[in-house]
Amino acid sequence: MVIQVSIRKLFRAREYSFQLDVDFSSDSDTITIFGPSGAGKSATLQCIAGLVTPDHGNIGVNETIFFHSTHKINIPPRLRKVGYLFQDYALFPHLTVAENIWFSLKCYRIARSDRPRYPLDEILELFEIAHLSQNYPHQLSGGQKQRVALARALIVKPDILLLDEPFAALDPMIRSKMRRELVQVRERFDIPLIMITHDPEDLAIFGGSIFSLENGSIIKSAEA
Amino acid sequence: MSSLFDQAWIPLLLTLKVAGCATLLVLIVSIFLAYVVTRYKFLGRDIADALFTLPLVMPPTVLGYYLLVMLGKHGWIGHWLHEQFGINLIFTWQGAVIAAGVASFPLLYRAARAGFDDVDHKLENAARVLGASELEVFLRVTIPLSRNAIFAGTMLAFARAMGEFGATLMVAGSLPAKTQTLSLAVYDAVQAGQNNLANILVIIASAVCVVVIISSRKLFAGKHF
């Protein structure tokens, strides 16, 4: 994956304002953005996904320009082919595990496109959640929810996977287990990923580039 | 001479017809408007929101007067309807539907707005990244998750439509079998000293309300997200 991000956005709410000013680029397949809470990590990830539109700048992933303020390009999130894992997984509470996972496949554009996809049973097997397919999210443990969220994001084979503090919502006891599982997912699906985290223990999981974000800007970068 | 039963049955059927049509109309319009107001930031949005809430606080006869002015032969809407389609709404059950609808609209609109606002934005964002268009996000995520609020609003709107009196009287009058709904029939019966009739009408109206409340609880028992 080749990614280039150069964005500026002012967030304003009442008397509080926050300036996001992020520049980084990498050709690594795993990128970790590390920083304290409030540094702007989620905002950056949401800009890459298209959920938030920067005021200025550009975002390019591989050969596609997701966003370019001068050229007036802004691809909507549903067309960016990115997978997104939310911090608390954002599983649809009114749908079963199976319905959550095949949500994408029922979207009009995707159903009619030739996008490659995994058959439902195969992905259920891969994540070892076939026995949970008729359950609802509130009946699942944290680790199970993460697997369902990953299956849901990966079923239509996105080009990159964005992970928003993937282990923060988990019990510390199972974090190392889930870290190992994520490494396995990365290898088995061979998917580039961008992970944001405030936990230094997450830095050692993957190799690749590490960027430190503080107060809205990148202050340091390293190759692990 | 029609029996007491007939005299009560006819207003009941008419009321159910008027309130039913009004609620259905209001359901569609309020979901659409609540969607527009919650999704788009446009100039005058707050004014629109206040306007949509206005019938809730306006005295029904005042509301009825405004409707009479707009829907009557010389009003903007009434004139156009008469010229283009030969339609007249005053003193008709359709006019009663509009009066009941306008009066009950704010109840469903506000319930729908609150329901939509309560839906976790992360879930809607998750749907967007997964490939849903804005309409799909609305139909597959927002609406199912605000079902309870919409249903509660619908019950309130129906009850309000059933009980509408002031605006209905102004716009549709109280013509027996045509526009004399239950509330108007009770009033007329009491005014005419027909206490037996009034009693039956009141019992019927109360029974309908109880049935609506019990069936709404049964339909939605335990389905909370």
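Predicted model: local features only at pLDDT ≥ 70, side-chain atom pairs only at ≥ 80, totals over all residues.

Reader: What does Glu165(A) pair with in a salt bridge?
Author: Lys41(A). The N to O distance is 3.5 Å.

Reader: Is Lys41(A) buried or exposed?
Author: Buried. Its relative accessible area is 4%, and the cut-off is under 20%, so Lys41(A) qualifies.

Reader: How many salt bridges over all chains?
Author: The count comes to 17.

Reader: Which residues are linked in a network of them?
Author: Arg175(A), Arg179(A), Asp199(A), Glu201(A) and Asp202(A).

Reader: Give me the pairs you have distances for.
Author: Two of them. Arg175(A) and Asp199(A) meet at 3.8 Å, N to O. Arg175(A) is in helix 6 of chain A, and Asp199(A) is in the loop between strand 9 (193–197) and strand 10 (209–214), 24 residues away in the chain. Arg179(A) and Asp202(A) have their closest N and O atoms 2.6 Å apart. Arg179(A) lies in helix 6 and Asp202(A) in the loop between strand 9 and strand 10 of chain A, so this pair ties together parts 23 residues apart in sequence.

Reader: Which of these count as buried, and at what relative accessibility?
Author: Asp199(A) counts as buried at 16%. Arg179(A) does too, at 11%. Asp202(A) is buried at 2%.

Reader: Switching to helix 5 of chain A. Why call it largely enclosed?
Author: Because eleven of its 13 residues are buried, the rest of the structure largely encloses helix 5 of chain A. Among the buried ones are Gln144(A), Gln146(A), Arg147(A), Val148(A) and Leu150(A).

Reader: What covers them?
Author: The cover includes strand 7 (82–85), helix 2 (97–101), helix 4 (120–126), strand 8 (160–164) and helix 6 (172–189) of chain A. Helix 6 (121–129) of chain B is part of it as well.

Reader: Now chain B. How many helices and strands?
Author: Eleven helices and zero strands. Of the 225 residues of chain B, 44% count as buried. The C-alpha trace of chain B spans about 70 × 45 × 30 Å along its principal axes.

Reader: And how many residues of each chain make the contact between B and A?
Author: Chain B puts in 17 residues and chain A 20 residues. The two chains bury about 1,800 Å² between them, 71% of it on carbon and sulfur atoms. On the side of chain B, Val129(B), Leu130(B) and Arg140(B) lose the most area, together 40% of what that side buries.

Reader: What's the count of salt bridges between the chains?
Author: One. Asp88(A) pairs with Lys122(B), the closest N and O atoms being 3.6 Å apart. The polar contacts between chain B and chain A come to five residue pairs.

Reader: Which elements of chain B give two or more residues to that side?
Author: Helix 6 and helix 7 of chain B. Helix 6 gives the most, with seven residues.

Reader: Back to Arg140(B). Which helix is it in?
Author: Helix 7 of chain B, residues 134–145.

Reader: What is the nearest side chain of opposite charge?
Author: Glu136(B), 4.7 Å away. A salt bridge needs the atoms within 4 Å. Arg140(B) is buried yet has no salt bridge.

Reader: So what is Arg140(B) in contact with?
Author: Leaving aside neighbours within four places in sequence, Arg140(B) is in contact with His94(A), Phe103(A), Lys106(A) and Cys107(A). The backbone oxygen of Phe103(A) lies 3.4 Å from a polar atom of the Arg140(B) side chain.

Notes. Residues numbered from 1 in each chain as written. Chains lettered and ligands numbered in written order. Heavy atoms only, no water. Buried < 20%, exposed > 50% of the residue type's maximum accessible area, 1.4 Å probe, protein only. Helix = DSSP H or I, 4+ residues; strand = E, 2+ residues; numbered from the N terminus. Contact = heavy atoms within 4.5 Å. Lys, Arg positive; Asp, Glu negative; His and termini not counted. Polar contact = N/O pair within 3.5 Å; in protein donor to acceptor, adjacent residues only side chain to side chain. Buried area = accessible area lost by both parts, 1.4 Å probe.
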